[in-house]
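Me: Please take a close look at the side-chain contacts here. Start with the charged pairs, then go to the rings.

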Amino acid sequence: MVASNSEVNWRQGAPEKGGIYYVSAIQYPAGTVYDVLFWQVDPSGDSYWVPFDSKIAKVVGFIPVSEVIGAFTGVLDPSDGSKVPDAIIQWQYGEPDRTNPCLAALRYMYDVMTWDEEFGWSVPLEHCDAYIPLDEFLTKVADLLPFEDKNQ
C-alpha cells in the first residue's frame with residue numbers, strides 16, 4: 001500500500017480552486033456514491049460541479065484528484081512509464097477499453113476520458129500519457145477513503 005487515508009483528507013463546502021477535477025462524495029437519499037467532477041468557475045463568478053445536475057443529491061465532500069492519484073499510484077506524472085511496485089493502483093498504457101470511462105493523465109493535468117461512437121475519444125490518445133479505469137479508481141476510493149461527514 002502506498003499511502004494511508006490519513007494523508008488524504010476530505011474537504012467540505014466549496015473548493016477554493018476552480019478549473020480542476022475533484023474526487024467527490026455525493027449524498028443521495030439511499031447513500032453515498034463517488035465520482036470525479038470538475039469544479040467550474042465562470043467569468044461571472046458563478047461556480048458549480050460538472051457534470052452534476054441532481055435535485056435529490058448533493059456533493060458533500062471532495063478531494064483534489066491529484067492528491068488521490070498520488071496516494072494510490074505513487075506517481076503523479078506517468079509520462080516516463082514510472083511505476084511503484086506496491087501501489088494501490090497502477091497506471092495503464094495504450095488504448096483504454098472503449099466501454100469504460102477512465103481517468104487520463106495528460107501532461108501536468110488529469111481529465112476524464114470517454115469514448116463516443118461518432119467522435120471518438122473525448123481526449124485525443126496522443127495527449128494521454130497513461131490512464132486508470134474510472135470504475136477501478138472509484139471502487140478504491142469507496143473502499144479506502146470512505147467519506148465521513150465532519151459536521152454530523
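Reply: Buried means under 20% relative accessible area, exposed means over 50%, and partly exposed lies in between (1.4 Å probe, protein chains only). Glutamate 95, at 41%, is therefore partly exposed.

This is a predicted model, in which local features need pLDDT of at least 70, side-chain atom pairs count only at pLDDT 80 or more, and totals for chains, interfaces and linings use all residues. Residues are numbered from 1 along each chain as its sequence is written, and side-chain values use heavy atoms, without hydrogens or water.

Charged pairs come first. The whole structure holds 3 salt bridges (a side-chain nitrogen of Lys or Arg within 4 Å of a carboxyl oxygen of Asp or Glu).

Glutamate 95 takes part in one of them. Its partner is arginine 98, with the closest N and O atoms 3.1 Å apart. Arginine 98 has a relative accessible area of 44%, so it too is partly exposed. Arginine 98 also lies over the face of tryptophan 115, 3.9 Å from the ring centre. That contact requires CZ of Arg or NZ of Lys within 6 Å of the ring centre and within 35 degrees of the ring normal.

Next, arginine 11 and glutamate 67. Their side chains meet at 2.7 Å, N to O. This pair links distant parts of the chain: arginine 11 sits in the segment before strand 1 and glutamate 67 in helix 1, 56 residues apart. Helices (H or I, at least four residues) and strands (E, at least two) are DSSP runs, numbered from the N terminus. Arginine 11 is partly exposed at 32%. Glutamate 67 is partly exposed at 28%.

Then arginine 107 and aspartate 129, at 3.1 Å, N to O. Arginine 107 is in the loop between strands 5 and 6, aspartate 129 in the loop between strands 8 and 9, so the bridge ties together parts 22 residues apart in sequence. Arginine 107 is partly exposed, at 46%.

Now the rings. There are 10 aromatic pairs in the whole structure. Rings of Phe, Tyr and Trp (its six-membered ring) pair if their centres lie within 6.5 Å; planes under 30 degrees apart are stacked, over 60 edge-to-face, the rest tilted. Tryptophan 10 and tyrosine 34 have centres 5.8 Å apart and planes at 35 degrees, so they are tilted. Tryptophan 10 precedes strand 1 and tyrosine 34 is in strand 2, so this pair joins parts 24 residues apart in sequence. Both residues, tryptophan 10 and tyrosine 34, are buried.

Tyrosine 22 and phenylalanine 62 are 5.4 Å apart at their ring centres, with planes at 85 degrees, so this pair is edge-to-face. Tyrosine 22 and phenylalanine 62 are both buried. Ring pairs link Tyr22 and Phe62 with Trp39 and Trp49 in a cluster.
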